[in-house]
Every structure is written in C-alpha cells, then in structure tokens.
Amino acid sequence: MRQALDILQNLFGYPAFRGEQAQIIAQVAQGGSALVLMPTGGGKSLCFQIPALMRDGLAIVVSPLIALMQDQVAALTEQGIAAACLNSATEPEAQRRIALDARSGALKLLYVAPERMLTPRFLEFMAGLDISLFAIDEAHCVSQWGHDFRPEYQLLGVLAQRFPAVPRIALTATADPQTEADILHYLGLTDAPVFKSSFDRPNIFYQVIEKHEAKKQVLAYIQREHSGESGIVYCLSRKRVEEFAAWLAQNGITALPYHAGMSHEARDANQRRFLREDGVVMVATVAFGMGIDKPDVRFVAHVDLPKSPENFYQESGRAGRDGLPASSWLCYGLNDMVQLTQMILNSEMAQLQKQVELSKLDAMVAFCETAACRRQLILAHFGEAGQSCGHCDNCLHPPVTFDATLAVQKLLSCIWRVGQRYPASQVIDVLLGRSNAHVQQAGHDQLSTFGIGKEYSQRAWRSLVRQLVARKIVEVDVVRGQSLVLTESSRSILKGQEKIFLRPLADDSRAKAGSAEQ
Ligand code: ADP
Ligand code: ZN
C-alpha cells in the first residue's frame with residue numbers, strides 16, 4: 001500500500017499536508033468513518049481522494065453538483081487516476097463502460113449524484129462491488145438548517161445499514177452546531193470522530209457600512225482601498241449586476257458582469273479574464289464563485305445583503321485565499337432586509353424552511369448591526385469561540401453607544417399614532433414634520449407626533465429603525481405594505497421602564513438632504 005505522503009507528493013505534487021488532512025486520511029484509510037468540517041478551499045477533496053487510492057476497491061463519492069463532479073473527475077484523470085462520474089447527462093454507452101470498469105476493479109473513484117445512488121438498481125449494483133469507502137460531499141445538504149437542504153440526502157443513512165463495514169466520510173464547509181448534529185444523526189455517524197478546522201480567516205478585514213448610494217459608495221471603496229486590484233462585487237439581481245458593472249466601467253474600473261442570464265460564451269469569457277488578468281473586478285450574482293480558485297482576490301464587496309451568515313462567509317471567503325491581507329465590505333440598508341424577507345415569504349418553500357431562512361436572515365442583520373467584533377460574531381455562528389480580531393471596523397473604531405431612549409420613544413409613539421399601518425419612510429416623514437401629499441392624505445400632519453423628531457436627519461432615523469429591527473423592538477410587516485409594527489419589547493420602552501442604548505445614528509452633517517437607499 002502506498003503511503004499517504006507519497007501519494008500527496010508524487011501524484012498531487014504538494015510537499016506537505018495542510019491542517020488536519022493527515023489525521024483524517026489516516027482515520028479513513030484504516031477503515032474508520034469521519035465527519036470533516038473545513039472551510040471552502042481548505043482541501044477537503046484530498047481527505048477522501050487519498051484514502052481511495054490507499055485502499056483496495058472502488059470509492060463512491062456522493063456529490064450534488066454536476067459541474068463540481070466533472071471538474072474533479074477531469075482533474076483526477078489528468079493526474080492519471082482512474083475516476084469517472086455518473087449523472088443525468090451520462091450517455092448509456094458510457095454508463096455501461098463505467099459499470100464494467102467498476103466491476104473489474106479498474107476504477108478507483110466514482111462520483112454519483114445522490115438521487116441516482118439511491119435507486120434500487122444502483123444499490124443492487126453497489127452490493128456486487130468491492131467498495132473502499134463512501135465520501136459524502138456537501139454533507140450539510142442533509143440538514144434543514146443548512147442553506148441547501150436536499151431531502152434525498154437524508155436517505156443516505158441507508159448506506160450505514162446496507163454497508164456497515166464500509167467507512168463513510170462526510171464533508172462540508174458549513175459548521176453551525178445544528179447542521180453538524182443533523183449530519184451525524186442522518187448519516188449514522190454518531191460514533192465517528194469529528195474533524196473541525198477553524199473557520200477563522202485572520203487575513204480578512206470585515207467592514208459594514210450603511211447604504212445610501214450604493215454605486216457611489218462601492219466605487220469610492222474600490223478607488224480608496226483596492227485601486228487596480230482583483231475583486232468581486234456581489235449583487236442581489238441580474239439587473240443590478242448589469243447596472244453596477246456598467247457604472248464601475250464608466251468610472252475607469254475594469255469591471256465585468258457575470259450572471260446566469262448571460263450566454264455561456266459571454267460568462268466564460270469574463271470568467272477567464274478574471275482568472276488570467278490582473279485587476280479585474282467581477283460584478284456578479286451569487287451564481288459566480290463556486291469552484292473558482294483564484295488566490296489573489298483582494299476584496300469582496302456586497303452591495304446587497306447576503307441572505308445568511310453561511311452565504312456571507314462563503315462569498316467573502318473568496319478573498320485572500322493566498323493568506324495576504326484582503327477585505328470584505330458590505331453595504332446594507334433596511335430595504336435589503338425587507339426585500340429578502342419578501343423573497344422568502346413569497347417563495348415555494350415549506351413553512352418550516354421559511355422560518356429557518358428568516359432566522360438566518362435575522363442572524364445576518366444582527367451581524368450588520370453589532371457593535372462588537374464582526375469576526376467574533378461570524379465564528380460564534382459556526383460554533384467557534386474567538387478573541388476580538390483587532391482589525392474589523394468595530395475593533396478599529398469601537399462604536400460608542402448613546403442613550404437613545406427618548407428618540408426610540410418618539411419613533412415608537414409615532415408608529416403607534418399612525419396605526420402601525422405605514423412604512424418607515426412615512427413614519428419618518430411624520431417625525432420630521434414633512435407635510436407631503438402622502439402625509440396630508442392620511443391626515444398625519446394633524447398627529448401629536450408630527451414634527452417631534454426634527455433634531456435628527458432622515459438618515460439618522462433610518463439608522464435608528466434598522467437597529468431597532470435588528471433587536472426586534474420594531475418589526476416590518478412585509479405582508480402588509482412594509483408597515484412598521486410594535487412588538488412585545490416595545491411596550492416597556494414606551495412606558496419608560498427600560499433605557500435603550502444604540503450605536504451612533506448616521507452622520508447628520510452629511511445627511512441633511514436625506515437621500516434614500518439605492
Ligand atoms: P475544498 O473542497 O475544501 O473547498 P479543495 O479540496 O478544492 O478544497 O482544495 C482547495 C485547493 O487547495 C485545491 O487547489 C487543492 O489542490 C489545494 N490543496 C489541498 N490540499 C493541499 C495541500 N496539502 N497542499 C497544497 N495545496 C493543497
Ligand atoms: Zn474585530
């Protein structure tokens with residue numbers, strides 16, 4: 001049997017193992033099972049590829065993404081390793097050849113989609129093979145808490161029952177404690193060791209800013225901090241991708257769009273330029289990035305709020321793979337939260353799934369509004385304790401909180417006075433004493449709260465609303481016109497029983513004009 005290090009050096013061409021790779025490989029090569037929690041780019045693939053080469057028989061790799069399967073098989077084949085994949089696109093003739101090679105022992109690794117693996121025919125086929133191990137990639141798909149739940153993954157527990165002697169290695173880059181527990185449970189790994197790498201990315205500097213004119217803000221950020229460097233700008237929609245790419249290009253930045261609505265050729269061409277040229281900024285939807293391995297991405301900017309901490313971590317984690325300083329910049333406003341909430345509620349998801357998505361969105365908003373270390377918060381989300389990082393925006397410029405009780409009371413009374421039936425924009429107009437058509441029509445210029453909040457700008461009030469939403473002191477009713485509504489916790493503040501401290505509101509001097517979010 002060839003040794004692990006020998007395979008790593010001579011077949012894969014790397015001098016040494018990274019992190020816990022050596023221990024994981026030893027565990028599986030000796031016939032044990034394992035759960036591997038490792039961030040994207042950490043090197044999970046070798047953890048099952050090397051044991052597959054060390055053990056007799058065929059390794060079966062379950063993977064949900066055809067594109068990633070094909071990439072891995074192509075890379076292995078190039079290194080002279082006998083690997084193949086079976087998916088919905090495989091021709092019958094190729095299928096027959098793969099089956100023959102699997103039986104004869106000519107094949108070392110076979111990648112299969114989970115739904116195919118679970119067909120009675122395939123289970124029967126596997127029963128006749130000498131199987132070295134099962135690798136279950138993207139194992140978080142088993143969990144409803146994951147961001148990518150796939151019901152068929154839960155059925156993979158059948159492998160433990162049918163093939164109790166075959167080692168199983170489950171791998172994922174998602175590591176919140178609930179997902180971890182689900183993987184162990186559904187895949188029958190409760191007795192297996194868990195190898196958890198740190199999710200810390202000490203070379204990434206996190207910053208979050210309040211959105212007012214996202215286009216100008218992201219341009220200023222790139223010019224100020226990353227002029228001439230490679231980066232990714234993530235947008236929520238295809239339309240915004242087009243707009244932001246055009247805007248940045250007009251302003252002298254080599255920016256290219258990437259989204260699923262473009263032709264294959266155009267997307268591939270842009271991706272190639274991003275990978276090969278220096279200083280290209282890819283403006284993309286989240287469709288971009290999976291399997292992209294570019295080490296010197298210096299920044300990842302989000303001009304819209306990501307939908308969960310997992311998504312944010314993955315996307316921002318594409319910066320600084322080379323270990324050199326890199327930055328994550330997120331620009332967020334109340335509308336982002338409202339829009340994402342609406343998307344979740346209007347989606348086809350089951351009720352429970354919607355609740356999970358909403359709670360992840362809450363965690364994301366809390367990340368944006370925190371006054372504490374951002375890295376610490378992200379790591380805590382992945383079940384990891386950590387020190388303050390010393391170089392995120394909050395560590396560098398600790399926000400001084402102030403007693404905002406009076407301002408909060410004004411806002412809450414105003415929400416109450418307008419009957420909890422109006423959106424933030426109108427509530428704020430009333431506070432500022434703006435007698436526009438909407439306000440007059442509703443008779444809100446006659447309210448006792450009309451004009452009681454002139455000491456703050458519109459932006460300051462929006463900042464206050466966001467902080468209260470993040471703390472669940474106010475809610476946005478997205479079903480009924482995005483109205484601001486009071487919650488249980490509003491009451492004690494309104495009664496003056498509780499003081500509330502907030503981060504400073506927006507810089508008033510800059511914001512008198514009170515531009516809206518864009
Ligand atoms: P993951 O699946 O965890 O996202 P991959 O398995 O795709 O990560 O590995 C990410 C990159 O790191 C790949 O280019 C891989 O070849 C490389 N890599 C993995 N292990 C090592 C190692 N021990 N030394 C050097 N490079 C490695
Ligand atoms: Zn910090």
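Reply: In this predicted model, the place to begin is the pair formed by helices H2 and H3, which pack at an angle of about 40 degrees with their axes 9 Å apart. Since angles under 35 degrees count as roughly parallel and 65 to 115 as roughly perpendicular, H2 and H3 are therefore oblique to each other. The crossing in which H2 passes H3 is right-handed. On the side of H2, the contact is made by Gln21, Ile24, Ile25, Val28 and Ala29, and on the side of H3 by Leu46, Cys47, Phe48, Ile50, Pro51 and Met54. Sorted by kind, the residues of this contact divide into 10 nonpolar, one polar and no charged.

The sheet comes next. It is an open sheet of seven strands, whose order is S3-S4-S2-S5-S6-S1-S7 and whose pairing is parallel. At its edges stand strand S3, residues 83–86, and strand S7, residues 194–196, each of which pairs on one side only. Neighbouring strands of this sheet are turned against each other by 20 degrees on average, direction ignored.

One pair of strands can be followed in detail. Strand S2, residues 58–62, and strand S5, residues 131–136, run parallel and are joined by five bridges, and within this pair Leu58 stands opposite Ile131 in S5. Helix H2, residues 21–29, packs on the sheet and touches strand S1 (34–37), S5, strand S6 (168–172) and S7, while its direction makes about 160 degrees with that of S1. Helix H3, residues 45–54, also packs on the sheet, where it touches S1, S2, strand S4 (109–112), S5 and S6, and its direction makes about 175 degrees with that of S5.

For a second example of helix packing, you can turn to helix H19, residues 405–417, and helix H20, residues 424–432, which pack at an angle of about 115 degrees with their axes 10 Å apart. Because 65 to 115 degrees counts as roughly perpendicular, H19 and H20 are therefore described as roughly perpendicular to each other. H19 passes H20 in a right-handed crossing, and Lys410, Leu411, Cys414 and Ile415 in H19 meet Val427, Val430 and Leu431 in H20. The residues of this contact of H19 with H20 divide into six nonpolar, no polar and one charged.

Finally, a word on confidence, which belongs with any reading of a prediction. The chain averages a pLDDT of 91, and 97% of the residues score at least 70. Over residues 508–516, however, the pLDDT is below 50, and this stretch has 13 contacts in the model beyond near neighbours in sequence. The model as a whole scores ipTM 0.98 and pTM 0.79.

Notes. Residues numbered from 1 in each chain as written. Chains lettered and ligands numbered in written order. Predicted model: local features only at pLDDT ≥ 70, side-chain atom pairs only at ≥ 80, totals over all residues. Pairing = 2+ DSSP bridges. Helix = DSSP H or I, 4+ residues; strand = E, 2+ residues; numbered from the N terminus. Axes fitted to C-alpha atoms, helices over the stretch in contact; angles between N-to-C directions. Contact = placed C-beta atoms within 7 Å. pLDDT = per-residue confidence, 0-100. Parallel < 35°, antiparallel > 145°, perpendicular 65-115°, else oblique. Left-handed = near helix turned anticlockwise from the far one by under 90°. Nonpolar A, V, L, I, M, F, W, Y, C, P; charged D, E, K, R; others polar.
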